[in-house]
Amino acid sequence: MTPPRVAAPVGARSLIMDTAERLYATRGLAAVSLRQIGEAAGQRNKSAVQYHFSGRDDLIKAILAEHAEAIERHRLAMTARHGDPERMPLPERIGCIVLPRIEHHIDLGTPSWYGRFLAQVTVEPALREYAVRAHLDTPSLRRLHDAGAAPGPGAARRKDMTRQLIVHMSAELETELAREQPDPGDAAAAWRRLGADLVTAVSELVGALGGTDGGR
């Protein structure tokens, strides 16, 4: 008879996810093995990561989903304050798309690794589309996008350009803050300055390209 499976210690899954995010963010996806993640997370069993996740992609998807849920909570609260997306001016609607991500970065504290982790994932062909869907397939974001949909041959390009701008500028600021280690108030102020700059930049970019679907 097969012995019953012994449950892993509470918190091991979260510890593995946090460790994987940090290592992927700082070393890149290709340079980190599941065994290295387990060892860095203090797991004695060499198969500890596989106990919780079927493989690398499953682990990465779990990390993305956790962050997407946290961002969605911020966005739901923000859109509730602003009302019907159909009636929002473009900068306000883009703010509801961009700024919840900024508030999530602030919640994470300094140092954090999510910005750099996401930048790594979005350039990985096997994971890029999943990363995009994980952040787009939420109720509040679908409403914001539907309210500003601008079909046409340039729509996909506008979405790609604005997404790259948001993802990679966030990764750059996260790197800078991790290096400088400012106090929490200064770090939050830096994130909010970036958020304001991104809202302005995306609004201008979308307007210049003749669309209204910014920030996806």
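**Entry 1: the second largest pocket**

I started with the lining of the second largest pocket, where helix 4 gives the most, with three residues. The model I am reading is a predicted one. Helix 1, helix 4 and helix 5 are the elements that give two or more residues to this lining. I noted a volume of about 160 Å³ for the second largest pocket. I then listed the lining: Asp-18, Glu-21, Glu-66, His-67, Ala-70, His-104, Leu-108, Pro-111, Ser-112, Trp-113 and Tyr-114. By type, the lining residues divide into five nonpolar, three polar and three charged.

**Entry 2: Pro-111 and its peptide bond**

The bond from Thr-110 to Pro-111 is cis, and its omega is near 0°. I placed Pro-111 in the loop that runs between helix 5 (90-108) and helix 6 (114-121). Most peptide bonds are trans.

**Entry 3: Gln-181**

Most residues other than glycine have a negative phi. I found Gln-181 in the loop between helix 9 (155-180) and helix 10 (184-208). Is Gln-181 buried or partly exposed? Its relative accessibility is 42%, so I put it down as partly exposed.

**Entry 4: the nonpolar cores**

The largest nonpolar core holds 29 residues. Tyr-24, Ile-37, Leu-59, Ile-60, Leu-64, Phe-117 and Val-121 have the most contacts inside it. At least two residues of this core come from each of helix 1 (12-27), helix 2 (34-40), helix 4 (56-82), helix 6, helix 7 (125-136) and helix 9.

Leaving out residues up to four places away in sequence, Phe-117 touches Glu-21, Tyr-24, Ala-25, Ile-60, Ile-63 and Leu-64.

**Entry 5: Arg-116**

I checked Arg-116, which sits in helix 6. Is Arg-116 buried or exposed? Its relative accessible area is 13%, so Arg-116 counts as buried. What does Arg-116 contact beyond its neighbours within four places in sequence? I found Ala-25, Thr-26, Ala-171, Glu-174, Thr-175 and Ala-178. Ala-25 is also touched by Phe-117.

**Entry 6: salt bridges**

I searched the whole structure and got seven salt bridges. I took Arg-56 first. The side chains of Arg-56 and Asp-57 meet at 3.0 Å, N to O. Arg-56 also forms a salt bridge with Glu-124, with the closest N and O atoms 3.5 Å apart. Arg-56 lies in helix 4 and Glu-124 in the loop between helix 6 and helix 7, so this pair ties together parts that are 68 residues apart in sequence. On accessibility, Arg-56 is partly exposed at 23%. Glu-124 is partly exposed, with 23%. Asp-57 is partly exposed, with 29%.

I then looked at Arg-128 and Glu-129, whose side chains meet in a salt bridge at 2.6 Å, N to O. Arg-128 is partly exposed at 22%. Glu-129 is partly exposed at 42%.

Conventions. Residues are numbered from 1 along each chain as its sequence is written. This is a predicted model: local features need pLDDT of at least 70, side-chain atom pairs count only at pLDDT 80 or more; totals for chains, interfaces and linings use all residues. Side-chain values use heavy atoms; hydrogens and water are left out. Helices (H or I, at least four residues) and strands (E, at least two) are DSSP runs, numbered from the N terminus. Buried means under 20% relative accessible area, exposed over 50%, partly exposed in between (1.4 Å probe, protein chains only). A nonpolar core is a set of buried Ala, Val, Leu, Ile, Met, Phe, Trp, Tyr and Cys residues joined through side-chain atoms within 4.5 Å. Contact means heavy atoms within 4.5 Å. On a 1 Å grid over the protein atoms alone, a cavity is a set of points where a 1.4 Å probe fits but cannot get out, and a pocket is an open set with protein on both sides within 12 Å along at least five of seven lines; lining residues have an atom within 4 Å of a point. Grid points are joined across faces, edges and corners, and a volume is the space filled by probe spheres set on the points. Ala, Val, Leu, Ile, Met, Phe, Trp, Tyr, Cys and Pro count as nonpolar, Asp, Glu, Lys and Arg as charged, and the others, Gly among them, as polar. A salt bridge is a side-chain nitrogen of Lys or Arg within 4 Å of a carboxyl oxygen of Asp or Glu.
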